[in-house]
Amino acid sequence: MKSYDTLLKTLSALNLNGIMDKLDEIIHDAEMEKSSYLTVLNHLFESEINYRNSKRLRRNLTAAHFPVEKKLSEYDYTKVKGIGKSEVVNLSDCSFIDRKENILLFGPPGIGKTHLAIGFGLEAIQKGYKVCFERVTGLIKLLKTTDIHRSSDFRIKKIIKSDLLIIDEIGYTPIDRKEANLFFSLISELYEKSSIIITSNKSFETWAEMMGDEIMTTALLDRLMHHARIFNLNGDSYRLLKKQEKKEVHKP
Ligand code: ADP
Ligand code: MG
């Protein structure tokens, strides 16, 4: 028992928490199966790697700031035009992130733009990429307060270092010229360095009006669309469809 306690202390001193977690199970299995030293050593270190990987995934998931978790596998393609399952499955291998390509999702409210964006974000995290999610209003607030709040500065630095930035809900609220300039600077900084997913209820022809500066909006769209997959979704709002289905079920 003394050598067991010494081992626990050593593992703790070396921060080998994954091995510590599985130690009893691995020793028990090794005794039952009369495993070789090499097999036992492999099991021990594999459990440390698994532990560290899952800890990193959890950390990246928290750091992403998703408002909810939505999986691509839960998306119903029969209700929406403009995007197909095979396209989404192809994109979900996340090679678009390696190529620094963007995904632009346009369409009316309730069609599942945010759902798809989060779905791609979750896939990326599973594959080990760093992802940040922000609504455009929140993002602009962060950009405007980097000099005042350390937390804003910290978040913007994290966003710049991420592999994929998701910017949700462009178009719901107009942004002024100064805000649009800050937004443009960020997109320029990320251009060809990170991937960006954008969701918007406004087609890009109307973005200039929303941002109040035509030249800057053209330059912004130029960067966003240069290497991008663009999807124009249409159909009925999924929220309303579900509401109607519920009503049908409850009809006497
Ligand atoms: P949008 O961002 O386009 O306004 P959301 O992604 O917020 O729409 O979708 C609204 C709600 O409906 C969410 O709960 C979402 O999960 C669900 N939803 C929308 N479209 C679909 C779909 N095609 N399949 C499954 N769920 C959907
Ligand atoms: Mg949305």
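A residue counts as near a molecule if one of its heavy atoms lies within 4 Å of it. The model is predicted: local features need pLDDT of at least 70, side-chain atom pairs need pLDDT 80 or more, and totals for chains, interfaces and linings use all residues. Residues are numbered from 1 along each chain, ligands are numbered from 1 in the order written, and side-chain values use heavy atoms, without hydrogens and water.

**Exercise 1.** State which residues come nearest to ligand 1.

Solution. Step one: there are 14 residues around ligand 1. Step two: of these, Asp76, Gly110, Lys113, Thr114 and His115 come nearest.

**Exercise 2.** Find the polar contacts of ligand 1, taking pairs of N or O atoms within 3.5 Å.

Solution. Start with the backbone. A polar backbone atom of Asp76 is 2.7 Å from a nitrogen atom of ligand 1, and one of Ile111 is 3.2 Å from an oxygen atom of the ligand. Then take the side chains: His115 places a polar side-chain atom 2.6 Å from an oxygen atom of ligand 1. Finally, consider cover: ligand 1 taken alone exposes 560 Å², and the protein buries 85% of that (Shrake-Rupley method, 1.4 Å probe).

**Exercise 3.** Describe the shell around ligand 1 by residue class and by helix.

Solution. By class, the shell has five nonpolar, four polar and five charged residues; Gly counts as polar here. By helix (a DSSP run of H or I, at least four residues), α6 (113–126) and α12 (238–250) each supply at least two residues. The helix α6 gives the most, with three.

Definitions and conventions: Polar contact = N/O pair within 3.5 Å; in protein donor to acceptor, adjacent residues only side chain to side chain.
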